[in-house]
Amino acid sequence: MSTSVAPYLVFDGVTKRFGDIPVVEAPFDFAIAKNEFVVFLGPSGCGKTTLMRMIGGLDEPSGGEILLQGAPVGPPDRRRGMVFQSYSSFPWLTVAENVAFGMKYRKDIGEEEKLARRDRYLDLVGLYEFSDAYPSRVSGGMRQRIAIARTLAAGSDVLLMDEPFGALDAQRREGLQVQLRKIQKRDAKTIVFVTHDVEEAVFLADRVVVFTKRPASVAAEVDVGARLGPDRTLELRESAEFFALRNELLHLLRSAAGEDD
Ligand SMILES: Nc1ncnc2c1ncn2[C@@H]1O[C@H](COP(=O)(O)OP(=O)(O)OP(=O)(O)O)[C@@H](O)[C@H]1O
Ligand SMILES: [Mg+2]
């Protein structure tokens, strides 16, 4: 357990089984600070999505509990926004209506502000010109961007992002990484992000957590924030420290997957 962060989102002795399959066997204790950007890395099938689903309230721990600001998380609510591997959109709504959907029932912001936010996030993900299209008419990568824009527009405090950029081309992906990191710092979001892309992990994270293969436990933690600082620019990607972190994580991942040592 990391003891250096003030607890905001806490796994308190969490275990998880699906029938005979232990996904998290040893009680998992883990704390995430407010406004922290935590990236989960680990072998395929180790349990990353399961951990995210439990934070989101889509799955329940078999033992222990997950606390947000000291209270157990319940069913999904607006405090936790989710973008998942199998991103979804509402086929009967246009692209713009999909993005606006997350704000629909909010009473604390007016209609004008909702429209402004909708357009801002449509623009951010490069979909403004497709506002009136239906999701069935756009590509998989574009549908993924709809889900990202909807979640960001909804304004949740905690963002749970499970390989959100997986279907995007390299340039779009890099652009969105820069934007996401900016938004996270500017709007003080707490983000838990899963990726298989080690460079994406280094670029985005304050802290990277490397999991062992299933049953998942923490193999290593790397304090990226301490080494790269808070500001992430594209130039940083070419720095020696960035490459050192990348290589370190690649090595840790290999060990965690049991492929060497
Ligand atoms: N609803 C379920 N019922 C039974 N087993 C499940 C269920 N959901 C997940 N599992 C199993 O739990 C384990 C962890 O799955 P999970 O999807 O959390 O892994 P992951 O780390 O997200 O993998 P990937 O990197 O491939 O997305 C796998 O062995 C999976 O088959
Ligand atoms: Mg997964």
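G258, with a positive phi near 75°, follows helix 8. Helices (H or I, at least four residues) and strands (E, at least two) are DSSP runs numbered from the N terminus. The model is predicted, so local features need pLDDT of at least 70 and side-chain atom pairs count only at pLDDT 80 or more, while totals for chains, interfaces and linings use all residues. Residues are numbered from 1 along each chain as its sequence is written, chains are lettered from A and ligands numbered from 1 in the order written, and side-chain values use heavy atoms, without hydrogens and water.

Helix 8 covers residues 240–256, and its end C-alpha atoms are 24 Å apart, which agrees with the 24 Å that its 17 residues should span at 1.5 Å a residue (1.5 Å times one less than the number of residues). Its buried residues are F242, L245, L249, L253 and A256; buried means under 20% relative accessible area, with a 1.4 Å probe and protein chains only. Because they cover an arc of only 70° around the axis, they lie on the same side of helix 8 (the arc is that of directions from the helix axis to the C-beta atoms). Among the elements covering them are strand 3 (37–41), helix 6 (198–204) and strand 9 (207–211).

L249 is also one of the residues touching the most other members in the largest nonpolar core, which has 49 residues. Such a core is a set of buried Ala, Val, Leu, Ile, Met, Phe, Trp, Tyr and Cys residues joined through side-chain atoms within 4.5 Å. Helix 4 (residues 140–154) gives the most to this core, 7 residues.

Note on methods
Buried < 20%, exposed > 50% of the residue type's maximum accessible area, 1.4 Å probe, protein only. Contact = heavy atoms within 4.5 Å.
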